[in-house]
Amino acid sequence: MEKKYKLGVIGAGFMSTAIVKGVISNKILLPNQIIVSDLFPQALEKISENGVAVTAVNADVVNNSEFVLFAVKPQSLDEVLDSIKNCNCEKFISIMAGVKKRKIKNVFPNSKIARCMPNTPCAIGSGAVGLDISDFTDINDSEFVIGLLGLMAEVVVVDEDKLNAVTGVSGSSPAYFYLFVKGIVDAGVKHGLTEEQARKLAASTMVGAGKMILNNSEKSLDELITAVCSKGGTTIEAIKVYESENLNLTTEKAVDACVKRAFELENL
């Protein structure tokens, strides 16, 4: 039976709002093809400004949507699943960290679930998403999900058991980059720049360096580093400090800690 809405969204938070806005602005779906539920009237009022249907009843979303996007906090999932356990839907997309597909399949055993790990830059259309889409064998369904996420991010398809690694590498790493840039900005201020000047210079360089990596896939990261360093020049002196302080090992330990916590959350 054809559903009234192509996409239903449970949760009207930061990330789901970004997805809804992206879908509409890129004309992937019309506003009247989307319905969103949330417990908070203020959140529904805000997202309804995009022209989508809204409801406080999760079951309205699930029974009337072809695809349902779970965009709630993981600790709220049990309550959400209880509210929709008697509903009819077989296609789900989850952006919840640390929630395996099997938890949803315990309630919807015949369902197909795409599980993904986005990051906060998705909100401005420059994010990264790790996506497990192995359940979807229909090419139209998988293309819809990839297209949905591709509006706001670089999508990398992985198996579900790699999503905790994705959490460490891209899901949480915006915070790592902010911390690194903060150190550069603080140093810039120390050497006479204003905070605004240092922030613009450092952030713009970070964006550009990321594009250099993506646009030079034939080059290793070591080659890109060497390309900036001149023998006896300024950059090599900074690199020597990072090497003596073992920046690589510190970063690896940080990612390890993040991945470890992601596994712990899966088992709560």
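Biologist: In which sense do strand β2 and β3 pair, and over how many bridges?
Modeller: Happy to start there, with the reminder that this is a predicted model, where local features need pLDDT of at least 70, side-chain atom pairs count only at pLDDT 80 or more, and totals for chains, interfaces and linings use all residues. Residues are numbered from 1 along each chain as its sequence is written, and side-chain values use heavy atoms, leaving out hydrogens and water. Strands are DSSP runs of E with at least two residues, numbered from the N terminus, and two of them pair if DSSP finds at least two bridges between them. Val36 stands opposite Val54 in β3, and β2 (residues 34-37) pairs with β3 in the parallel sense over 3 bridges.

Biologist: Which are the edge strands of the sheet?
Modeller: The open sheet has 8 strands with mixed pairing, in the order β3-β2-β1-β4-β5-β6-β7-β8. Each edge strand pairs on one side only, and these are β3 (53-55) and β8 (153-157).

Biologist: Is Cys122 buried or exposed?
Modeller: Buried means under 20% relative accessible area, exposed over 50%, and partly exposed in between, with a 1.4 Å probe and protein chains only. Cys122 has a relative accessible area of 2%, so Cys122 is buried.

Key. Helix = DSSP H or I, 4+ residues; strand = E, 2+ residues; numbered from the N terminus.
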